[in-house]
Amino acid sequence: MEFTKMHGLGNDYVYVNCFRETIDFPSEFAKRISDRHFGIGSDGLVLIGPSSAADFKMEMYNADGSAAKMCGNGIRCVGKYVYDYGLTDKTEITVETESGIKPLCLYVRNQKVEAVCVDMGAPRYNAHSIPILSEKDMIIQEPIEISGKVYRMTGISMGNPHAVVYVEDVWDYPVKAIGPVFEMHPRFPERINVEFCKVIDRSHIEMRVWERGTGETCACGTGACAAAVSSVLNDLTDEEVTVTLLGGELNVRWDRAVNRVYMTGPAARVFDGVL
Ligand SMILES: N[C@@H](CCC[C@H](N)C(=O)O)C(=O)O
């Protein structure tokens with residue numbers, strides 16, 4: 001089976017072209033190939049296939065085999081894959097995901113896609129739709145106790161669930177210790193992705209992420225969007241921000257007039273392989 005290893009800011013997935021290949025048990029397959037010692041090594045698996053409603057369809061699995069409805073870094077790489085491998089010659093395409101159809105704008109240089117802008121759609125911050133168990137309708141700076149410390153979280157869905165918290169020093173934060181306790185807290189019936197953020201100024205956020213189903217990753221596209229939306233809701237930033245992550249920078253703009261979030265960042269191919 002042919003595959004391609006790609007990444008968006010170091011958030012790396014194995015990409016399989018399902019126009020050509022068939023995977024019967026994608027969840028098992030994702031677990032096996034993601035293993036960094038006994039597999040190919042990745043944060044998960046992304047399947048690219050035909051869609052009856054859009055130009056292409058994307059399916060995404062975390063390293064533990066769980067499926068996610070949306071993946072921001074993954075969808076940028078899908079844009080690069082379909083253009084660079086000649087599945088399309090268009091620079092404006094649509095991709096069907098489990099959380100709806102997303103329009104992509106591909107930025108091409110020397111016949112290769114270097115960066116992609118994704119219209120991520122409308123964020124949702126109603127507790128029920130994230131989902132987060134709460135008596136309140138919106139989760140804004142809501143206290144939650146994790147490992148004996150009270151955090152104030154803001155809950156956002158970007159098609160997948162996120163809890164954004166603000167900390168003093170992102171780079172020194174014990175993300176690997178706190179992240180898994182957050183992820184499994186009983187208030188999150190579908191578990192949660194957690195963004196540990198620091199606002200530098202009204203147009204700049206630093207962030208590390210603990211991803212549901214994978215662990216700490218170098219970057220999370222949906223997480224960066226959730227951090228941007230949370231920071232606007234808490235009046236910490238303006239509508240357009242640069243989000244600095246371990247793997248690099250993303251530009252995120254929440255256009256509140258039309259209630260859509262736009263995420264722009266790089267997409268890169270690492271290598272092709274045969275399994
Ligand atoms: N890294 C991704 C998000 C992948 C899915 C997430 N772990 C979940 O289970 O919701 C991104 O770039 O958005």
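In this predicted model, the domain assignment of the protein chain gives domain 1 (2-119 + 265-274) and domain 2 (127-258). Between the C-alpha centres of domain 1 and domain 2 there is a distance of 23 Å. The points below take up the contact between the domains, the nonpolar core, the ligand and the annotated residues.

**Contact between the domains**

- Where domain 1 and domain 2 meet, 21 residues of domain 1 are in contact with 20 residues of domain 2.
- On the side of domain 1 that touches domain 2, the largest share comes from H2, with three residues.
- By class, this side of domain 1 has twelve polar, five nonpolar and four charged residues.

**The largest nonpolar core**

- In soluble globular proteins, nonpolar side chains tend to be buried together.
- In this model, the largest nonpolar core has 78 residues, and Val 46 and Ala 224 are those with the most contacts inside it.
- At least three residues of this core come from each of domain 1 (2-119 + 265-274) and domain 2 (127-258).
- Apart from neighbours within four places in sequence, Ala 224 is in contact with Gly 72, Met 207, Val 243, Leu 245, Leu 250, Val 252 and Met 263.

**The shell around the ligand**

- The ligand is surrounded by 17 residues, of which the closest are Ala 68, Asn 73, Asn 160, Gly 221 and Thr 222.
- Helix H2 (72-84) and helix H4 (221-233) are the elements that give two or more residues to this shell.
- H2 gives the most to the shell, with three residues.
- Sorted by class, the shell has twelve polar, three nonpolar and two charged residues.
- Each of domain 1 (2-119 + 265-274) and domain 2 (127-258) supplies at least three residues to the shell.

**Residues annotated as "active site"**

- According to UniProt (unreviewed entry), the feature "active site" is at Cys 71 and Cys 220.
- These two residues are spread over 150 residues of sequence, yet they cluster in space, with a largest C-alpha distance of 7.7 Å.
- Cys 71 is found in the loop between strand S5 (67-68) and H2, whereas Cys 220 is in the loop between strand S14 (215-217) and H4.
- Cys 71 counts as buried because 31 other C-beta atoms lie within 10 Å, and the threshold for a buried residue is 20 or more.
- Cys 220 is also buried, because 35 other C-beta atoms lie within 10 Å.
- Leaving aside neighbours within four places in sequence, Cys 71 is in contact with Val 46, Met 60, Gly 221 and Thr 222.
- With the nearby sequence positions up to four places away not counted, Cys 220 touches Asn 11, Gly 72, Asn 73, Asn 193, Val 209 and Glu 211.

**Residues annotated as "binding site"**

- The UniProt annotation "binding site" (unreviewed entry) covers Asn 11, Asn 62, Gly 72, Asn 73, Asn 160, Asn 193, Glu 211, Arg 212, Gly 221 and Thr 222.
- Asn 11 belongs to strand S2 (residues 11-17), while Glu 211 belongs to strand S13 (residues 204-211).
- Asn 11 counts as buried because it has 29 C-beta neighbours inside 10 Å.
- Glu 211 counts as buried because it has 28 C-beta neighbours inside 10 Å.
- The contacts of Glu 211, not counting residues up to four places away in sequence, are Asn 193, Thr 217 and Cys 220.
- Glu 211 and Tyr 61 are 150 residues apart along the chain, and their C-alpha atoms are separated by 12 Å.

Terms used: Residues are numbered from 1 along each chain as its sequence is written. This is a predicted model: local features need pLDDT of at least 70, side-chain atom pairs count only at pLDDT 80 or more; totals for chains, interfaces and linings use all residues. A residue is near a molecule or strand if its C-beta atom, placed from the backbone, lies within 6 Å of it. Helices (H or I, at least four residues) and strands (E, at least two) are DSSP runs, numbered from the N terminus. Ala, Val, Leu, Ile, Met, Phe, Trp, Tyr, Cys and Pro count as nonpolar, Asp, Glu, Lys and Arg as charged, and the others, Gly among them, as polar. Domain bounds come from an automatic or database domain assignment. UniProt positions are given in the numbering used here, feature names are shortened, and annotations may be inferred rather than shown by experiment. A residue is buried if 20 or more other C-beta atoms lie within 10 Å of its own, exposed if 12 or fewer, and partly exposed in between; C-beta atoms are placed from the backbone. Two residues are in contact if their C-beta atoms, placed from the backbone, lie within 7 Å. A nonpolar core is a set of buried Ala, Val, Leu, Ile, Met, Phe, Trp, Tyr and Cys residues joined through C-beta atoms within 7 Å.
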